[in-house]
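I opened my notebook for a friendly walk through one model. These entries record what I looked up, in the order I looked.

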Amino acid sequence: MRLLNLFKIATKAIVLNKTRTLLTMLGIIIGVASVIAMLAIGEGSKESIRTTISAMGSNMITIKAGADTRGGVRQAASAMESLTLKDYEAIKSQSTLLSYSTPMVNGSGQVISGSNNWPSTIYGVNPEYLSIKVIDLQSGSMFTETEVKTASKVALIGQTVVENIFPDGQEPVGQMIRFNNIPFKVIGVLEEKGENTFGQDQDDVIIAPYTTVQKRILAIDHLNQIIASAVNEEEAPNAVIEVSKILREQHKLTANEDDDFHVQSMEELISTFSSTSEMLTILLVAVASISLLIGGIGIMNIMYVSVKERTKEIGLRMAVGGKGSDILMQFLIEAILISITGGVLGVLLGLGSTVFIEKFLNWPTSVALYSIVISFAVCAVTGIFFGWYPARKASALDPITALRYE
């Protein structure tokens, strides 16, 4: 029996039992669709994380105070005061792999304009901050180095602050506001950035000279952190090493002493969140793959039923010269056709599901070609694996016993 004839026989058997075949395919269809949708959600979340963090400054490097032990008590990093202006100046003068850098201090409080007020956060920085964070101005201008040195009471505000303290549409630039009762002149408005992946409102900010925030609001002489930008994304890991070396020398740490600071690049942050996302994706795909296993078991069951129902047909084919290998191929082709057809329908359902998830649930999705290829490969393997044993059993039937089967 030629392969084409075997294909025709298998196709005819499937068409004659449409309802049963469709029910058999359901496990495969749901399994494939689930795998594609889950992988699309995983890939979409990774891309979203990378895009969001990159929007904060893909080359950005953050230097924070590290945890330390004092009097046998482990101190939190936030309680440490190990970063100073001298550290910033050393990094600024000695580093060759940084394009921009700024000290940073920050505090929370109430911003007031007339009878309107809003709880917000003020960040004390220098003029290079906007270049590091990749922030544009909607109106006005950034403060100057001279205003930083003189601790001028000038500020830039984000869109959320504008909407809440200037609700009547008044032009903010040139207006006076108060933050914790300290007056500031608004000299600029930041371009809207919206929420990031972590749900943080990037527009609920006030930016002022770090000297002003240090002296007039926080009354401190240390820095909360230093942020910088590497010359390019490829040099970011080397910049982290360079900054760490400068700070160890600045803090006079010996080879046996741990760092009292922490330096992190955006690439590390992206890698950390991507790893978490990958683990969740693997878990979701593993759960979705159970449907494929169930679909495979369904194919095996239906093929067993098919062999039983067509035992006389098998005996007759063998009696007129059909070989066991022909019978094996006939039922194996039937199982593979069911599996692959279910796979095609599953892919279509999976692609439709990703569109629905993105448009109506607002979850980021990204369909990778490999997810479709893997799904088809799994379908073919499922058809062969679960169809082979019933087909092998059919091919091993004795022709006379099969003809006498009731």
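**Cores.** I began with the largest nonpolar core, which has 59 residues; Ile 63, Phe 143, Ile 157 and Ile 207 have the most contacts inside it. A nonpolar core here is a set of buried Ala, Val, Leu, Ile, Met, Phe, Trp, Tyr and Cys residues joined through side-chain atoms within 4.5 Å. Helix 8 (residues 236–250) gives the most to this core, six residues. I also found another core lying apart from it, of 30 residues, among them Ile 327, Leu 332, Ile 357 and Ile 372.

**Ground rules.** I noted that this is a predicted model, where local features need pLDDT of at least 70 and side-chain atom pairs count only at pLDDT 80 or more, while totals for chains, interfaces and linings use all residues. Residues are numbered from 1 along each chain as its sequence is written, and side-chain values use heavy atoms, with hydrogens and water left out.

**Whole chain.** I counted 13 helices and twelve strands in the protein chain, both taken as DSSP runs numbered from the N terminus (helices H or I, at least four residues; strands E, at least two). Of its 406 residues, 46% are buried, meaning under 20% relative accessible area with a 1.4 Å probe, protein chains only.

**Phe 143.** I asked what Phe 143 touches beyond its neighbours within four places in sequence. Its contacts (heavy atoms within 4.5 Å) include Val 125, Asn 126, Pro 127, Ile 187 and Ile 207.

**Thr 102.** I next looked up Thr 102, in strand 4 (residues 98–113). Thr 102 counts as buried because its relative accessibility is 0%. Its side chain reaches the backbone nitrogen of Asn 126 at 2.8 Å. Leaving aside neighbours within four places in sequence, Thr 102 also touches Tyr 88, Val 125, Tyr 129 and Ile 132, as well as Gln 225, Ile 226 and Ile 227.

**Helix 7.** In helix 7 (residues 210–218), I listed Tyr 210, Thr 211, Thr 212, Val 213, Gln 214 and Ile 217 as buried. Ala 219 follows helix 7 and has a positive phi, near 55 degrees.

**Cavity.** How many cavities of 30 Å³ or more are there? I got one, where a cavity is a set of points on a 1 Å grid over the protein atoms alone at which a 1.4 Å probe fits but cannot get out. About 80 Å³ of space lies in the largest cavity, a volume being the space filled by probe spheres set on the points. Its lining residues (an atom within 4 Å of a point) include Ala 13, Asn 17, Arg 20, Met 303 and Glu 334. Helix 1 (3–16), helix 2 (18–55), helix 9 (266–309) and helix 11 (324–360) each give two or more residues to that lining.

Definitions and conventions: Buried means under 20% relative accessible area, exposed over 50%, partly exposed in between (1.4 Å probe, protein chains only). A polar contact is a pair of N or O atoms within 3.5 Å; within protein, one must be able to donate a hydrogen and the other to accept it, and residues adjacent in sequence count only if both atoms are side-chain atoms. On a 1 Å grid over the protein atoms alone, a cavity is a set of points where a 1.4 Å probe fits but cannot get out, and a pocket is an open set with protein on both sides within 12 Å along at least five of seven lines; lining residues have an atom within 4 Å of a point.
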